[in-house]
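Please look over the sequence and the structure before reading the notes.

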Amino acid sequence: MCLLQNVLEWNGERIVCDAISHRDPANPLRAAGRLGAAVGVEYAAQAMAVHGALLAPSDAAPTRGFLTSVRGLSLHVNRLDDLAGPLHVAAERLSGDTRLILYQFHIHHGERCVLEGRASVVLDAQSL
């Protein structure tokens, strides 16, 4: 399941993507005909995964990442599916090493922030 449409910009610390899948009636995360705002965490997690893939050496084997916690989550809307136009999904790496990464994320619809928070990602959990 790929929810993101494009990578708009990225560097070693940050990625910004856009998404239009929140408007798709066939979005697999819809429940009872709607897409609640908390689903935005999955959009952010996918942006973090893309960021990790872009930063990985081209000859490196893919590494599995597991979202282990979400903190400080603020939902500024009830649902995403009633927002016309694309979402902008941004994730910024705050700290981390080869096994644990802390990201701050936010999703905007136009100029309005619709959700924000922090997430920790464990890489290669089998090695812990």
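Arg14 counts as partly exposed because its relative accessibility is 29%, where buried means under 20% relative accessible area, exposed over 50% and partly exposed in between (1.4 Å probe, protein chains only). The model is a predicted one: local features need pLDDT of at least 70, side-chain atom pairs count only at pLDDT 80 or more, and totals for chains, interfaces and linings use all residues. Residues are numbered from 1 along each chain as its sequence is written, and side-chain values use heavy atoms, with hydrogens and water left out.

**Arg14 and its surroundings**

- Arg14 lies in strand β2, residues 14-19; strands (E, at least two residues) and helices (H or I, at least four) are DSSP runs numbered from the N terminus.
- The side chains of Arg14 and Glu9 form a salt bridge at 3.3 Å, N to O, a salt bridge being a side-chain nitrogen of Lys or Arg within 4 Å of a carboxyl oxygen of Asp or Glu.
- The side chains of Arg14 and Glu9 are also joined by a polar contact of 3.3 Å. A polar contact is a pair of N or O atoms within 3.5 Å; within protein, one must be able to donate a hydrogen and the other to accept it, and residues adjacent in sequence count only if both atoms are side-chain atoms.
- Glu9 is partly exposed, with a relative accessible area of 46%.
- Apart from neighbours within four places in sequence, Arg14 is in contact (heavy atoms within 4.5 Å) with Glu9, His51, Ala90, Ala91, Glu92 and His106.
- Arg14 and Ala90 are 76 residues apart in sequence, while their C-alpha atoms are 7.3 Å apart.

**The other salt bridges**

- The count of salt bridges comes to 3.
- Asp81 forms a salt bridge with Arg30, the closest N and O atoms being 3.6 Å apart. Asp81 lies in the loop between β3 and β4 and Arg30 in the loop between β2 and α1, so the pair ties together parts that are 51 residues apart in sequence.
- Asp81 also forms a salt bridge with Arg79, with the closest N and O atoms 2.6 Å apart.
- Asp81 counts as buried at 8% relative accessibility, whereas Arg30 is partly exposed at 22% and Arg79 is partly exposed at 26%.

**Strand pairing around β4**

- β2 and β4 pair in the antiparallel sense over 6 bridges, where two strands pair if DSSP finds at least two bridges between them.
- Within this pairing, Cys17 stands opposite Val89 in β4.
- β4 also pairs with strand β5 (residues 100-109), in the antiparallel sense and over 8 bridges.
- Arg93 has Tyr103 in β5 as its bridge partner, and a hairpin of 3 residues joins β4 to β5.
- His88 is placed in strand β4, residues 87-96, and counts as partly exposed at 31% relative accessibility.
- The C-alpha atoms of His88 and Asp18 are separated by 4.5 Å, although the two residues are 70 apart along the chain.
- Beyond its neighbours within four places in sequence, His88 is in contact with Leu8, Cys17, Asp18, His106, Ile107 and His108.

**Helix α1**

- The 16 residues of α1 should span 22 Å at 1.5 Å a residue, which agrees with the 23 Å between its end C-alpha atoms; the expected span is 1.5 Å times one less than the number of residues.
- Its buried residues are Gly40, Val41, Tyr43, Ala44, Ala45, Gln46, Ala47, Met48 and His51.
- The buried residues of α1 pack against β2, β3 (65-75), β4, β5 and β6 (112-123).
- Gln46 is found in α1, residues 40-55, and is buried, with a relative accessible area of 11%.
- Not counting residues up to four places away in sequence, Gln46 touches Met1, Cys2, Leu3 and Leu4.

**Nonpolar core**

- The largest nonpolar core has 28 residues; those with the most contacts inside it are Leu4, Tyr43, Met48, Leu80, Phe105, Ile107 and Val114.
- The elements that give two or more residues to this core are β2, α1, β4, β5 and β6.
- A nonpolar core is a set of buried Ala, Val, Leu, Ile, Met, Phe, Trp, Tyr and Cys residues joined through side-chain atoms within 4.5 Å.
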